[in-house]
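Biologist: I am new to this structure. Could you walk me through how to read its features?
Modeller: Gladly. Here it is.

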Amino acid sequence: MAFIEVEGLSKTYGASLDALHRVSFTVEKGEWIAVMGPSGSGKSTLLNILGGLDTPTGGRVALEGQEISRLSAHELARFRAEKIGFVFQQFHLVPYLTALENVMLAQYFHSLSDEREAADALGRVGLGGRLQHLPSQLSGGEQQRVCVARALINQPNLILADEPTGNLDEVNETLVMGLLTELHREGHTLVLVTHDPDIGRMAERRIELHHGRLTEVSVFPTYEEELIDNLLKAVWHAQEDTARSVLESAGLPEFTRNRATFLLMAQEGLVRLEGPGLSFAPRGEARARHVIRRHRLSERLFYETFGLDKDLLDEHACKIEHSLSPEVTEKICTFLRHPQTCPHGSPIPPGVCCPRG
Ligand code: ADP
Ligand code: MG
């Protein structure tokens with residue numbers, strides 16, 4: 001039995017609008033899953049049904065074997081309060097209650113509201129000094145952190161987040177995503193709705209909705225790997241151009257456009273980010289060397305063997321460089337007699353097959 005089982009879930013509005021159409025998937029305990037898809041594709045509808053805030057017109061949802069639609073209104077409210085923490089894009093804080101009281105409100109179903117616990121939860125999200133503030137006296141990012149504290153207070157098994165960073169600036173986005181990452185590490189199951197690929201990529205698994213249909217499961221990895229290859233290439237090129245191993249990250253346009261991916265790459269030991277400096281970690285450098293090698297060998301192949309125009313080489317090489325296996329790469333290199341430069345004159349890093357390697 002999976003932690004969450006969604007089977008043939010449908011939600012129809014009026015006669016013909018299928019907000020969800022026979023959606024099925026499972027989530028394992030402790031998993032982080034991203035629900036992606038364009039606006040209006042049914043993401044919020046799905047999340048609300050998972051959390052028992054909305055009822056489906058067909059199909060079923062079971063959480064730890066408990067079918068949600070079988071619960072009475074009272075049981076459902078209790079189930080929600082004890083098992084599920086919600087974080088929404090609009091913060092839904094009660095405007096006339098302080099931060100502390102908003103968090104304590106979520107303890108409603110416990111016999112006794114524990115002020116200490118609520119204060120601790122706020123301390124944990126960095127708001128220990130804001131306990132008595134009203135929502136209107138807090139910034140958007142701070143309000144969202146109150147919501148994270150509120151979601152945490154009952155130690156819910158499942159955290160449901162609907163575009164939690166949709167209304168936040170970059171700094172608060174990083175803070176809130178950092179908190180969610182921590183919760184996931186502690187073993188909470190996380191279902192996070194987002195249309196932002198950078199945030200979706202932080203999840204372990206992604207499902208995608210289009211017009212209420214689950215069309216693709218985990219299609220991102222190839223795309224993600226290619227993006228990482230391309231960013232590693234950009235770092236390699238910048239190092240070649242400047243003859244420096246530590247780059248100014250702000251000076252690299254690819255960095256400013258893909259900050260979240262670079263953070264991910266740093267986490268995975270591909271690059272080092274130290275203050276304003278950006279450099280390769282050994283794994284990233286080795287991977288970049290291989291991509292550059294595949295790229296420049298491909299250019300050489302297209303140029304020499306197929307007589308392709310020099311201006312077109314780069315574009316064609318980009319298409320195949322991600323998919324060449326090490327064996328094929330060595331074969332191409334041997335076939336071309338281990339060339340030292342690409343047709344534009346840039347050096348080709350040697351491989352194991354090369355006499356000079
Ligand atoms: P998303 O969160 O992916 O942007 P939603 O789940 O909010 O999408 O909405 C999916 C579809 O269902 C949309 O076409 C939306 O207009 C429609 N919809 C959502 N709620 C209602 C409602 N209460 N009444 C009628 N249509 C709705
Ligand atoms: Mg939505």
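Biologist: Are Trp 236 and Phe 280 buried or exposed?
Modeller: First, a caution: this is a predicted model. Now the case. Trp 236 is buried, and Phe 280 is buried too.

Biologist: How many aromatic pairs does the structure hold?
Modeller: It holds four. Trp 236 and Phe 280 make one of them.

Biologist: How do I read such a pair?
Modeller: A pair of aromatic rings is described by two things, the distance of the centres and the angle of the planes. For Trp 236 and Phe 280, the ring centres are 6.4 Å apart. Their planes stand at 50 degrees, so the pair is tilted.

Biologist: Where in the chain do Trp 236 and Phe 280 sit?
Modeller: Trp 236 is in helix H8, residues 220-242. Phe 280 is in strand E13, residues 277-280.

Biologist: What about the rings of Phe 302 and Phe 306?
Modeller: Their centres are 5.8 Å apart. The planes are at 40 degrees, so this pair is tilted. Both residues lie in helix H11, residues 282-306. They are four residues apart, about one turn of the helix.

Biologist: Is Phe 302 buried or exposed?
Modeller: Phe 302 is buried, with a relative accessible area of 13%. Phe 306 is exposed, at 53%. The cut-offs are under 20% for buried and over 50% for exposed.

Biologist: Let us turn to the backbone. Which value does phi of His 92 take?
Modeller: Phi of His 92 is near 55 degrees. That is a positive value in a residue other than glycine. His 92 is placed in the loop between strand E6 (84-87) and helix H3 (99-105). His 92 is exposed, with a relative accessible area of 51%.

Biologist: And where does His 338 lie?
Modeller: His 338 lies in the segment after helix H13 (326-335). Its phi is positive, about 50 degrees, although His 338 is not a glycine. His 338 is buried, with a relative accessible area of 18%.

Biologist: Now the domains. Into which domains is the protein chain divided?
Modeller: Domain 1 covers 4-219 and domain 2 covers 223-280. Their centres, taken over C-alpha atoms, are separated by 32 Å. Five residues from domain 1 and seven residues from domain 2 take part in the contact.

Biologist: How do I read the size of an interface?
Modeller: The size of an interface is often given as the accessible area lost when the parts come together. Between domain 1 and domain 2, the buried area is about 630 Å². Carbon and sulfur atoms give 46% of that area.

Biologist: Which residues supply 68% of the area that domain 1 buries against domain 2?
Modeller: Glu 170, Asp 198 and Arg 201. These supply more than any other three residues.

Biologist: How many salt bridges are there between domain 1 and domain 2?
Modeller: The count is one. The side chains of Arg 259 and Glu 170 meet in a salt bridge, 2.7 Å from N to O. There is also a count of one residue pair in polar contact between the domains.

Biologist: Why does the pair of Arg 259 and Glu 170 tie together separate parts?
Modeller: Arg 259 lies in helix H10 (residues 259-267) and Glu 170 in helix H6 (residues 170-185), so the pair ties together parts that are 89 residues apart in sequence. Arg 259 is partly exposed, with a relative accessible area of 33%. Glu 170 is exposed, at 52%.

Biologist: Which residues do salt bridges with shared partners join into one network?
Modeller: Glu 7, Arg 60, Glu 67 and Arg 70.

Notes
Residues numbered from 1 in each chain as written. Chains lettered and ligands numbered in written order. Predicted model: local features only at pLDDT ≥ 70, side-chain atom pairs only at ≥ 80, totals over all residues. Heavy atoms only, no water. Phe/Tyr/Trp six-rings, centres within 6.5 Å; stacked < 30°, edge-to-face > 60°. Helix = DSSP H or I, 4+ residues; strand = E, 2+ residues; numbered from the N terminus. Buried < 20%, exposed > 50% of the residue type's maximum accessible area, 1.4 Å probe, protein only. Domains from an automatic or database assignment. Contact = heavy atoms within 4.5 Å. Buried area = accessible area lost by both parts, 1.4 Å probe. Salt bridge = Lys/Arg side-chain N within 4 Å of Asp/Glu carboxyl O. Polar contact = N/O pair within 3.5 Å; in protein donor to acceptor, adjacent residues only side chain to side chain.
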